Amino acid sequence: MIVTSSEDVVRLSGALVKNQWLTIKAAANLLLQSHPQGIIIDCAELTNVSEDGAKTFLEAIKDIQAAGARIVVCNLPVDVLRVVRSVPGVRSQLPIANSVEEARASLRLGGEAPKTDAEHKSAPGGIVIPLLPGLDIDYALTIACRLARDLKAPVHIVYLLEVARHLPLSSPLGEAEAAAQIALAQAAQLARKVSLVPNAHLERVRDVEEGLLQLLKTYQAGYVVMGAFAEPVDADRFYELVNALLRRAPCNVLIGRKAMKDSSDSSGPIC
């Protein structure tokens, strides 16, 4: 097998018939110095892979994730993919992209490596705004801005990307990730209008409710803020999320709605 590297890509060619991670590791570690968010393994030129060879990817996943980065494998030939999917452990953990471009876009959206629990705990009491379809992010930012000013607390805008359980959590999800990128960019633009400079990033979760609750614990959040519309797009899911937060959130919960301009209800915003 031949190993070459350039930019953020390690390219494998030839036959992978035994665990070659130690051979590849030096090249991978060198790339991570310039690309701490993660690296890509391009398998377009692999001719065949044995079960032992497929364990190369399992070792790679463990080492790269231990370094706080991501690894994405791409361009797997059909025969190689069949073997990879037959190996326990590799099958359930290996993030696979169709191309280098798709893998790179996924890594770029992930940004810097996720913070550890210890790093999050260094600044407890922050304000978390979940970025989900059907929520009024504009009004949530307005509320969060007032809170942040009074409490001098950091604000986190977090897009919760739900990943199906049959896929590795770090799998590239082309269209969903593109939508997340647009939503995060729009939220950052809205934040600037209220003079807010939040930390905006993506979190991959198996379930939105459980993922958000765990996120609040990890961040040691002081507040979670959601903006609601008078008529939620997906009412059932919205009320399930609200109910979960009100019953189980380890922090203060603020759910706000703008006053309705043409409503006879003069009670103002619900918050």
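What follows is a short chat about the sheet, a helix pair and the cysteines.

Reader: What am I looking at, and how are residues numbered?
Author: This is a predicted model, where local features need pLDDT of at least 70, side-chain atom pairs count only at pLDDT 80 or more, and totals for chains, interfaces and linings use all residues. Side-chain values use heavy atoms, with hydrogens and water left out, and residues are numbered along each chain as its sequence is written, from 1.

Reader: What is the strand order of the open sheet?
Author: Strands (E, at least two residues) and helices (H or I, at least four) are DSSP runs numbered from the N terminus, and two strands pair if DSSP finds at least two bridges between them. The edge strands, each pairing on one side only, are E1 and E5 (96-97). With mixed pairing across five strands, the order is E1-E2-E3-E4-E5.

Reader: Which residue in E2 is the bridge partner of Val3?
Author: E1 (residues 2-6) and E2 (residues 9-16) run antiparallel, joined by five bridges. They form a hairpin with two residues between them, and Glu7 in the turn has a positive phi of about 50°. Across this pair, the partner of Val3 is Leu12.

Reader: What handedness does the β-α-β unit of E2, H1 and E3 have?
Author: E2 pairs with E3 (residues 38-49) in the parallel sense over seven bridges, and Arg11 stands opposite Asp42 there. A crossover is right-handed if, with the strands pointing away from the viewer, the path from the first strand over the helix to the second runs clockwise. With H1 (residues 21-34) as the helix, the unit is right-handed.

Reader: Which residue in E4 pairs with Ile39?
Author: E3 and E4 (residues 70-74) run parallel, with five bridges joining them. The bridge partner of Ile39 in E4 is Ile71.

Reader: Why is H7 called oblique to H8?
Author: Axes are lines fitted to C-alpha atoms, for helices over the stretch in contact, with angles from 0 to 180 degrees between N-to-C directions. Under 35 degrees is roughly parallel, over 145 roughly antiparallel, 65 to 115 roughly perpendicular, and the rest oblique. The axes of H7 (residues 137-151) and H8 (residues 174-193) come within 10 Å and cross at roughly 45°. That makes the pair oblique.

Reader: How many disulfides does the search find?
Author: A disulfide is a pair of cysteine sulfur atoms within 2.5 Å. Across the whole structure, the count is zero.

Reader: How far from Cys74 is the nearest cysteine sulfur?
Author: Cys74 is in no disulfide. The nearest cysteine sulfur belongs to Cys43, and the distance is 6.9 Å.

Reader: Why does Cys251 count as buried?
Author: Buried means under 20% relative accessible area, exposed over 50%, and partly exposed in between (1.4 Å probe, protein chains only). Cys74 is buried at 0%. Cys251 counts as buried because its relative accessibility is 14%.
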